[in-house]
Amino acid sequence: MARTLKSDKTLFLLTMLLVGASLVMVYSASWLQALNKYNSRYYFLYRQAIYAGIGLAGMFVAMRIDYREYRRPALIWSMLGFTAILLVAVFFFGAVNGARRWITVGVSVQPSELAKLVAVIFTAALLERRMQYVNEFARVLLPIGLMCLALVGLILPEPDLGTAAVLVLVVTAMVFAAGLQYRYLFVSLVLMFSGTMALILSSDFRRKRFLSFLDPWSDARGAGYQVTQSMLAIGSGGLFGTGLMQGIQKLYYLPEPHTDFIYSVVAEEFGLIGTTLMLLCFVAITWRGLRVALLAPDRFGSFLALGITMIVAIQALMNISVVTSLLPTKGIPLPFVSNGGSSLVISMISMGILLNISQHASATSRAFAPARPGWTLDEQEA
């Protein structure tokens, strides 16, 4: 019997700290664009604050729902079907910046954000039931692969390679934690890399972005514009930054600075110290999330906590890597920080689920003990 504990306060405080930082940085990065486009410098701030309020309400509701309710097959298949319908519906709405990722009915909803959470729930439930067969293709790898293929097949044409990559990487991490043999993992990584390169080379737009990533300064006013402006923002911030509201690159040099490249604005205005503190927040959230996964009272809770934690960790890593020119440019928001309603709300609801799992955490757990050869209970407790 797992003892009932309070939610992980550290995890909750770290989440709220990043959401608070989001409100400050979204306003700082967007006030000029908001003033020129919407005649109100607070336009994006108000919207982000509303979404933060919705996300906070959703997080508290998720904290009160026993996470074991999500493993019911009827609920899982309903969520998958609903998500698939939403992913199809985006193609009936107008394109925004050349992409069809949103359903706009008064407010904009991005179904691909929900798809990541639904994929994690499906994978966690299946692994709980069939963990001992994780290396059997027909019983585990095939159904998980078909689920990923269906969701990714609907996300890629939007186009949204970044979200599709996050989804696949998160699910792969969950299956590996369940005990997937290294040879299968190697094959999976090779296939993912080959598929990603094929998608990049088959699209002129993606190919130009990839080539500009290799040498962004060779086309600083074209395909490499975002990256070069981001690097200028990071470099000009120095150690302590220029100060809040004092950044220059956000003033129509760095495109859409309040969304995917908000980390660049943090770097310019708060310097290396500010970006390091924000990075440490994500590291701490990953640590606390993995701790919840290891101490969860059952395998479903362990895999669900692992999947949610990996969504935040992988997405943050990819966003920061893009901003610092370690990865080609992709539309990946920084969790909890970038402007965007769907990303913020779904991320906060996901954290609510993770916090609910932490309420049921036990002092010791063997949920992952049979999974990875060589793991011991003492190592998990540490």
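Visitor: Why is Cys-281 called buried?

Guide: The model is predicted, so the value is computed from its atoms. Cys-281 has 11% relative accessibility. Buried means under 20%. Therefore Cys-281 counts as buried.

Visitor: What makes Cys-148 buried or exposed?

Guide: Its relative accessibility is 11%. The limit for buried is under 20%, so Cys-148 counts as buried.

Visitor: How many disulfides does the structure hold?

Guide: It holds 0 disulfides. A disulfide would need a pair of cysteine sulfur atoms within 2.5 Å.

Visitor: Why is the pair of Tyr-67 and Phe-300 called stacked?

Guide: A search of the whole structure finds 9 aromatic pairs. For Tyr-67 and Phe-300, the ring centres are 6.2 Å apart and the planes are at 15 degrees. Pairing needs centres within 6.5 Å, and stacked needs planes under 30 degrees apart. Both conditions hold, so the pair is stacked.

Visitor: What does the pair of Tyr-67 and Phe-300 tie together?

Guide: Tyr-67 lies in the loop between H2 and H3, and Phe-300 in helix H11, so the pair ties together parts that are 233 residues apart in sequence. Both Tyr-67 and Phe-300 are buried.

Visitor: What makes the pair of Phe-176 and Tyr-182 edge-to-face?

Guide: The planes of Phe-176 and Tyr-182 are 70 degrees apart, with 5.5 Å centre to centre. Edge-to-face takes over 60 degrees, and the centres must lie within 6.5 Å. The pair is therefore edge-to-face.

Visitor: How do you know whether Phe-176 and Tyr-182 are buried, partly exposed or exposed?

Guide: Phe-176 has a relative accessible area of 22%. Buried is under 20% and exposed is over 50%, so Phe-176 is partly exposed. Tyr-182 has 55% relative accessibility, so Tyr-182 counts as exposed.

Visitor: Why is Asp-66 called partly exposed?

Guide: The relative accessible area of Asp-66 is 26%. Asp-66 is in the loop between helix H2 (43-64) and helix H3 (73-89). Its side chain reaches the backbone nitrogen of Arg-68 at 2.9 Å. Beyond four places in sequence, Asp-66 touches Asn-356 and His-360.

Visitor: How do you know that the charged end of Arg-139 sits over the ring of Tyr-133?

Guide: The charged end of Arg-139 is 4.0 Å from the ring centre of Tyr-133. The distance limit is within 6 Å, and the charge must also be within 35 degrees of the ring normal. Arg-139 is listed as sitting over the ring. The charged end of Arg-288 sits over the ring of Trp-287, 4.7 Å from its centre.

Methods:
Residues numbered from 1 in each chain as written. Predicted model: local features only at pLDDT ≥ 70, side-chain atom pairs only at ≥ 80, totals over all residues. Heavy atoms only, no water. Helix = DSSP H or I, 4+ residues; strand = E, 2+ residues; numbered from the N terminus. Buried < 20%, exposed > 50% of the residue type's maximum accessible area, 1.4 Å probe, protein only. Contact = heavy atoms within 4.5 Å. Polar contact = N/O pair within 3.5 Å; in protein donor to acceptor, adjacent residues only side chain to side chain. Phe/Tyr/Trp six-rings, centres within 6.5 Å; stacked < 30°, edge-to-face > 60°.
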